[in-house]
Amino acid sequence: MIEERFQLRSARWIAADYLERHLKPGDRAIDATMGNGKDTERLCQLVGDTGRVYAFDVQDQAISSTRCRLTQEGLIGRAVLIRDGHEHMEEYIREPVQAVVFNLGWLPGGDHAVTTKTATTERAVDAALRILCPGGILSVCVYPGHKEGEKELRMLVPKFERLDVRCFAVLYHRFLNASDDAPRLFLIQKIRTNTEL
Ligand code: SAH
């Protein structure tokens with residue numbers, strides 16, 4: 001973890017801090033990019049014994065390291081680990097959720113070729129916006145310092161700009177004094193669905 005005093009240097013810390021205040025015991029959350037399971041673990045702690053965390057990844061390595069981490073921490077009973085693309089999340093989760101978390105890119109310490117891809121990220125983000133309950137939070141951390149991350153960012157900015165302001169609050173976080181490669185964070189809250197207007 002980063003040193004306590006320098007939290008604002010980490011886009012992920014800002015997302016985690018926000019989710020910590022948002023999620024309550026009994027909530028449902030989705031970790032759309034499980035990776036080594038750090039975010040899955042944090043979400044499991046926040047939703048408590050009565051909550052559920054659905055975590056997706058396309059790599060066996062991610063599932064096994066996350067299963068190991070959660071078992072060690074006594075949290076495995078709160079999680080459903082799904083070896084499938086996040087773009088299929090609606091096939092697995094039928095009820096609205098209070099949070100969906102994306103940390104795009106590749107598995108830390110893993111194969112850089114298995115990165116999230118713009119086309120599937122777009123389908124997954126659209127699904128996440130549908131599956132959120134009113135009041136629910138979507139967090140998306142993007143890394144434009146690599147080619148696919150730059151494409152993902154170019155897809156996400158206009159998509160999020162177009163979201164109806166009556167239905168979604170959209171916050172875009174970027175480091176103004178850092179290079180264009182620095183991570184970007186979107187925090188989006190669903191206010192209401194279109195049908196409620
Ligand atoms: N949040 C993780 C890091 C995620 S890295 C952590 O805390 O460690 C991004 C992950 O997305 C990688 O593990 C990669 O395998 C996964 N991924 C790539 N394409 C995917 C897809 N279509 N659906 C779900 N996960 C995907």
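Leaving out residues up to four places away in sequence, Ser139 touches Ala15, Leu19, Val100, Val101, Phe102, Leu185, Phe186 and Leu187; contact here means heavy atoms within 4.5 Å. The model is a predicted one, in which local features need pLDDT of at least 70 and side-chain atom pairs count only at pLDDT 80 or more, while totals for chains, interfaces and linings use all residues. Residues are numbered from 1 along each chain as its sequence is written, and side-chain values use heavy atoms, with hydrogens and water left out.

Ser139 belongs to strand S5. Helices (H or I, at least four residues) and strands (E, at least two) are DSSP runs, numbered from the N terminus. With a relative accessibility of 2%, Ser139 counts as buried. Buried means under 20% relative accessible area, exposed means over 50%, and partly exposed is in between, with a 1.4 Å probe and protein chains only.

Strand S5 covers residues 132-142 and is joined to S4 by 6 bridges, the two strands running parallel. Two strands pair if DSSP finds at least two bridges between them. One of the positions involved is Val97, whose bridge partner in S5 is Leu132. Between S4 and S5 the chain passes through helix H5 (residues 118-131), and this β-α-β crossover is right-handed. The term right-handed means that, with the strands pointing away from the viewer, the path from the first strand over the helix to the second runs clockwise.

Strand S4 itself spans residues 97-103 and is mostly covered, as 7 of its 7 residues are buried. S4 is also joined to strand S1 (residues 28-31), by 3 bridges, and these two strands run parallel. Here Ala29 stands opposite Ala99 in S4.

From S1 the pairing can be followed to another strand. S1 and strand S2 (residues 52-57) pair in the parallel sense over 4 bridges. Within this pairing, Asp31 stands opposite Ala55 in S2.

Ile63 lies in helix H3, which covers residues 60-72. Its relative accessible area is 10%, so Ile63 is buried. Apart from neighbours within four places in sequence, Ile63 is in contact with Met34, Asp57, Leu81, Ile82 and Arg83. Ile63 and Leu81 are 18 residues apart along the chain, and their C-alpha atoms are separated by 6.7 Å.

The next topic is the aromatic rings. A pair of aromatic rings is described by the distance of the centres and the angle of the planes. Rings of Phe, Tyr and Trp (its six-membered ring) pair if their centres lie within 6.5 Å; planes under 30 degrees apart count as stacked, over 60 as edge-to-face and the rest as tilted. The structure holds 3 aromatic pairs. One of them is formed by Phe160 and Phe186, which are edge-to-face, at 4.9 Å centre to centre and with 65° between the planes. This pair links distant parts of the chain, since Phe160 is in helix H6 (residues 147-161) and Phe186 is in strand S7 (residues 184-190), 26 residues apart. Phe160 counts as buried because its relative accessibility is 2%. Phe186 is buried too, with a relative accessible area of 2%.

Phe186 also pairs with Tyr172: the ring centres are 4.7 Å apart and the planes are at 10°, so this pair is stacked. Tyr172 lies in strand S6 (residues 168-173) and Phe186 in strand S7, so the pair ties together parts that are 14 residues apart in sequence. Tyr172 has a relative accessibility of 34% and therefore counts as partly exposed. Ring pairs link Phe160, Tyr172 and Phe186 into a cluster.

Now for the chain as a whole. The protein chain has 6 helices and 7 strands. From the N terminus on, its elements run α-β-α-β-α-β-α-β-α-β-α-β-β. Of the 197 residues, 50% are buried. Among contacts with a separation of 6 or more, 72% are between residues 24 or more positions apart. The C-alpha atoms fill a box of roughly 40 × 40 × 35 Å, taken along the principal axes.
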